[in-house]
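Student: I am new to this kind of picture. Please show me how to read it.

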Amino acid sequence: MPDQAQNRSPDADLLLVGGGLANGLIAWRLRQTHPDLQVLLLEEGAAPGGNHTWCFHASDLDPAQRAWMAPLVAHRWAAHHVAFPAYRRRLPGEYACVTSDRFADRLARDLGPALRTGCRVDTVTPTQVTLADGSTLRAHAVLDGRGRPPADRLALRFQKFLGQELRLAAPHGLSEPVLMDATVEQLDGYRFVYLLPFGPDTVLVEDTVYADGADLSRDTLRGHIAAYVAQRGWTVAEVLREEEGVLPIALGGDARTLWSPPDGVPRTGLSAALFHPTTGYSLPQAVRVADRLASLPTDALRDPARIASAIRQHASAFWRDGAFFRLLNRMLFLAAAPAARRRVMERFYRLPAPLVARFYAGRLTVLDKLRLVSGRPPVPLAAAARAALGTVSYNDTPAPAMPPLHETRK
């Protein structure tokens with residue numbers, strides 16, 4: 001007797017596993033560009049997006065991308081600030097914020113029944129998903145947006161943080177974000193405080209560090225935030241919410257298997273190394289991948305091989321273009337002692353504002369790259385040269401274990 005499960009009609013044309021930023025944007029964008037495509041987005045939690053704040057510079061995206069992302073933006077500012085012991089600086093250029101609440105509300109409204117929450121997935125194949133309760137969902141194609149980059153394939157360091165959204169007893173006086181207040185004590189690496197003013201008396205305060213290890217000491221970071229808030233003379237009326245993150249910073253590795261996984265299911269997001277090599281931020285790449293898939297004809301979006309090919313081409317080109325950033329990361333983490341990394345960033349933020357913007361957008365010119373490595377480096381020259389090759393750490397101390405730093409070119 002024929003297997004009824006195998007003979008039934010597919011539950012979706014494209015089934016997206018994981019309702020994080022990458023898959024959420026893909027589902028939302030395809031609803032706009034391919035309304036006849038049957039998309040199904042599965043999220044294990046109660047809502048897509050988790051508990052996050054995603055920010056980006058307007059120059060990270062092109063005008064068309066900024067336009068279709070506009071409904072997801074909760075806050076915008078005309079500029080941002082940085083602060084170091086030697087100077088403070090305001091950098092013009094729009095900075096925008098997508099909150100997970102805004103993201104979840106918009107996806108729920110626009111996707112309707114195409115979004116299913118509380119779906120715990122057991123196994124995936126290129127055309128089928130088995131849920132934890134044993135039921136199955138079939139599709140013409142499956143795309144997996146869960147997980148993080150595997151540590152055995154990439155050499156990683158980390159930008160880790162804990163943030164608290166605070167309602168203060170009086171106005172905080174901030175009109176624009178402070179992306180880096182690096183005047184704070186340097187602990188565990190390059191440490192700074194990140195401030196996003198959401199209202200006259202509401203602010204997100206994140207204690208952040210560029211560190212060698214991924215361990216997150218939550219109580220320590222909460223103590224740092226309390227001390228920083230007190231130092232600024234602010235009084236906390238209420239902690240509205242708390243978020244945390246450990247973002248990957250790539251020094252090198254072999255990324256090819258990330259785009260051609262053994263199970264044949266194409267990946268998106270962090271697990272496909274689609275994040276800025278130096279900041280770990282993934283929103284610009286999530287937007288670009290969503291646009292790349294939206295540009296495909298409808299029949300291609302029902303073909304797992306063509307979806308995998310499109311993502312592989314995009315991800316491999318992005319990895320290749322990121323080689324210079326990974327070189328800079330090796331110099332930051334392997335040539336500078338943790339407490340001395342602030343000098344590297346302090347030097348960087350003295351550069352012209354357009355260069356800083358192109359750095360964050362991942363669109364450095366040849367002249368930009370020459371400018372970044374010219375002059376006297378803020379780390380020992382010999383250590384910088386050796387770190388560029390990925391061979392030693394600061395002060396000739398062996399670096400933490402990591403895979404070889406050969407670069408994938410395909």
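Tutor: This is a predicted model.

Student: Is Val366 buried or exposed?

Tutor: A residue counts as exposed when its relative accessible area is over 50%. Val366 has 63%, so Val366 is exposed.

Student: What does the protein chain look like as a whole?

Tutor: The secondary structure consists of 13 helices and 14 strands. Of the 410 residues, 54% are buried. The chain exposes about 17,300 Å², with 53% of that supplied by carbon and sulfur atoms.

Student: How many salt bridges are there?

Tutor: A salt bridge needs a side-chain nitrogen of Lys or Arg within 4 Å of a carboxyl oxygen of Asp or Glu. By that rule there are 22. One of them pairs Arg241 with Glu165, at 2.8 Å from N to O.

Student: Which parts does the pair of Arg241 and Glu165 tie together?

Tutor: Arg241 sits in strand β14 (residues 236-253) and Glu165 in strand β10 (residues 154-168), so the pair links parts that are 76 residues apart in sequence. Both residues are buried.

Student: How far apart are the closest N and O atoms of Asp254 and Arg256?

Tutor: They are 3.0 Å apart, in a salt bridge. Asp254 is buried, at 10% relative accessible area, whereas Arg256 is partly exposed, at 38%.

Technical notes. Residues numbered from 1 in each chain as written. Predicted model: local features only at pLDDT ≥ 70, side-chain atom pairs only at ≥ 80, totals over all residues. Heavy atoms only, no water. Buried < 20%, exposed > 50% of the residue type's maximum accessible area, 1.4 Å probe, protein only. Helix = DSSP H or I, 4+ residues; strand = E, 2+ residues; numbered from the N terminus. Areas by Shrake-Rupley, 256 points an atom, 1.4 Å probe, with all protein chains shown as cover.
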